[in-house]
Amino acid sequence: MSRVKELQKSLFGGTTSNARQFGMIFTLVAIVLLFQILTDGLTLSPGNLISLVSQYSYILILAIGMLMVIVAGHIDLSVGSVAAFVGIVVANVMQDYSVPWFPAILIGLAVGALIGAWQGFWVAYVGVPAFIVTLAGMMLFRGGNQFIGNADTIPVPEGFRTIGAGFLPEVGPDTGYNNLTLLLGLVVCVAVVIREWRGRRTRREMMADVAPMWISAIRIVIPVVVVVFATLQFAGGRVGTSFPVSGIILGVLVVIYGFVTRNTAGGRHIYAVGGNARAAELSGVKLKRVNFLVMMNMSVLAALAGMIFVARSAASGPQDGIGWELDAIAAVFVGGAAVSGGLGTISGSIVGGLVMAVLNNGLQLMGVGSDRVQIIKGVVLLLAVALDAYNKKQGRFSVIDSLMRPFRRDAALSPASAVEAGQESGKSPVAG
């Protein structure tokens with residue numbers, strides 16, 4: 001084995017999937033450094049980093065749900081309209097009925113769950129394609145937003161704005177930094193070390209090959225350096241700002257959904273359905289329930305994203321949510337097509353979303369017009385999908401090819417072959 005392949009195996013786990021995932025991370029780093037130079041240092045300034053997380057956290061939340069929808073072989077075009085509808089409902093409830101902001105958030109999540117159950121019913125139990133159901137939902141809930149709000153904006157109270165425009169508060173002695181942000185960075189660094197240490201211990205207990213210590217050191221040092229730099233930037237912004245609360249919410253969701261898709265039977269069932277729905281069903285996966293829950297989960301996350309956006313904007317309006325579904329889908333395909341070795345990963349979608357966010361932010365800092373920004377983002381998405389098509393022709397993993405499998409009219413599988421195929425589908429790389 002050559003030195004390069006040995007290094008790839010040690011760092012990336014020896015799989016093309018992980019190597020491509022790290023490749024997309026390196027691409028993100030390259031884009032950040034490029035804009036850092038072109039914008040004379042503005043890209044990595046504390047104020048811009050804080051603004052970047054605050055502005056795009058709701059899109060990344062949508063990308064988490066959209067990843068699971070796409071993994072299951074569907075698409076959801078209604079997320080922007082659902083987010084806007086829930087936003088106007090919550091704002092209206094707080095203003096007209098004097099409901100406190102925390103119960104209003106619970107009401108918003110409940111409304112999102114009901115919408116998801118409605119759409120999931122048509123997809124899972126009636127058999128209407130998700131594309132049609134959510135296209136109808138896009139028009140239905142966009143109209144509902146304008147009907148409830150009378151095509152006008154509705155302000156929200158100060159307490160509610162915390163989830164979208166709030167920051168970690170100032171506590172403890174005056175260190176020149178936000179102490180809670182410093183503590184958050186320390187916790188992340190410790191988590192990186194513990195994860196590597198537990199990975200080495202697990203491989204040792206399984207009598208598997210353990211990477212050399214210098215490889216583990218690289219795996220620890222690089223993330224820790226990035227986390228420390230980011231922590232100091234977020235903690236050292238202007239007084240009154242720090243790491244955004246919306247970023248905390250996003251981070252918690254990434255951890256939860258990463259665990260669900262990676263370590264639970266339900267998460268593996270989603271990948272099995274996306275890989276081969278017929279084989280998954282014959283091997284015991286409850287296909288209708290998986291499709292129902294995936295669609296409902298997407299609407300709940302859309303509701304949360306809508307409330308975060310309304311909280312940041314301090315008001316809900318008729319233009320909220322327009323085009324959000326396209327941004328979420330772009331994040332998943334840019335991240336999934338370039339990083340995942342199966343049907344997609346949570347981390348890949350987040351990286352893909354960050355690529356699009358940094359690209360959009362950097363171009364704005366350079367004074368590029370919104371028309372050209374849209375053109376460039378479209379080209380990036382097209383190139384990402386073209387890469388997927390190229391991988392398909394080369395016999396490598398293809399997101400598009402995998403998404404189309406459930407719709408092919410293949411010959412019926414025997415129960416034995418179906419179970420085998422379902423097991424293979426269950427081995428698809430999941431979020432990490």
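Let's start with the aromatic rings: this predicted model has 10 aromatic pairs.

**Stop one: a ring pair.** Select Tyr 58 and Phe 309. Their rings sit edge-to-face, with 5.2 Å from centre to centre and 65° between the planes. Now colour the helices that carry them. Tyr 58 belongs to helix H3 (residues 46-71) and Phe 309 to helix H13, so this pair ties together parts that are 251 residues apart in sequence. Buried or exposed, these two residues? Both Tyr 58 and Phe 309 are buried.

**Stop two: a ring cluster.** Next, select Trp 118, Phe 121, Trp 122, Tyr 125 and Phe 292. Ring pairs link these residues into a cluster.

**Stop three: two helices crossing.** Show H11 (residues 265-275) together with H13 (residues 287-313). Their axes come within 10 Å and cross at roughly 105°. Angles of 65 to 115 degrees count as roughly perpendicular, and H11 and H13 are therefore described that way. To see where they touch, pick His 269, Ile 270 and Val 273 on H11, then Leu 287, Val 290, Asn 291 and Val 294 on H13. What kinds of residues make up this contact? There are 5 nonpolar and 2 polar ones, and no charged ones.

**Last stop: a loop asparagine.** Go to Asn 178, in the loop between helix H7 (162-165) and helix H8 (179-205). Asn 178 has 0% relative accessibility and therefore counts as buried. Follow the side chain of Asn 178: it reaches the backbone oxygen of Pro 169 at 3.2 Å. Leaving aside neighbours within four places in sequence, the contacts of Asn 178 are Leu 168, Pro 169, Glu 170, Ala 235 and Ser 242.

Conventions: Residues are numbered from 1 along each chain as its sequence is written. This is a predicted model: local features need pLDDT of at least 70, side-chain atom pairs count only at pLDDT 80 or more; totals for chains, interfaces and linings use all residues. Side-chain values use heavy atoms; hydrogens and water are left out. Axes are lines fitted to C-alpha atoms, for helices over the stretch in contact, and angles run from 0 to 180 degrees between N-to-C directions. Helices (H or I, at least four residues) and strands (E, at least two) are DSSP runs, numbered from the N terminus. Angles under 35 degrees count as roughly parallel, over 145 as roughly antiparallel, 65 to 115 as roughly perpendicular and the rest as oblique. Contact means heavy atoms within 4.5 Å. Ala, Val, Leu, Ile, Met, Phe, Trp, Tyr, Cys and Pro count as nonpolar, Asp, Glu, Lys and Arg as charged, and the others, Gly among them, as polar. Rings of Phe, Tyr and Trp (its six-membered ring) pair if their centres lie within 6.5 Å; planes under 30 degrees apart count as stacked, over 60 as edge-to-face and the rest as tilted. Buried means under 20% relative accessible area, exposed over 50%, partly exposed in between (1.4 Å probe, protein chains only). A polar contact is a pair of N or O atoms within 3.5 Å; within protein, one must be able to donate a hydrogen and the other to accept it, and residues adjacent in sequence count only if both atoms are side-chain atoms.
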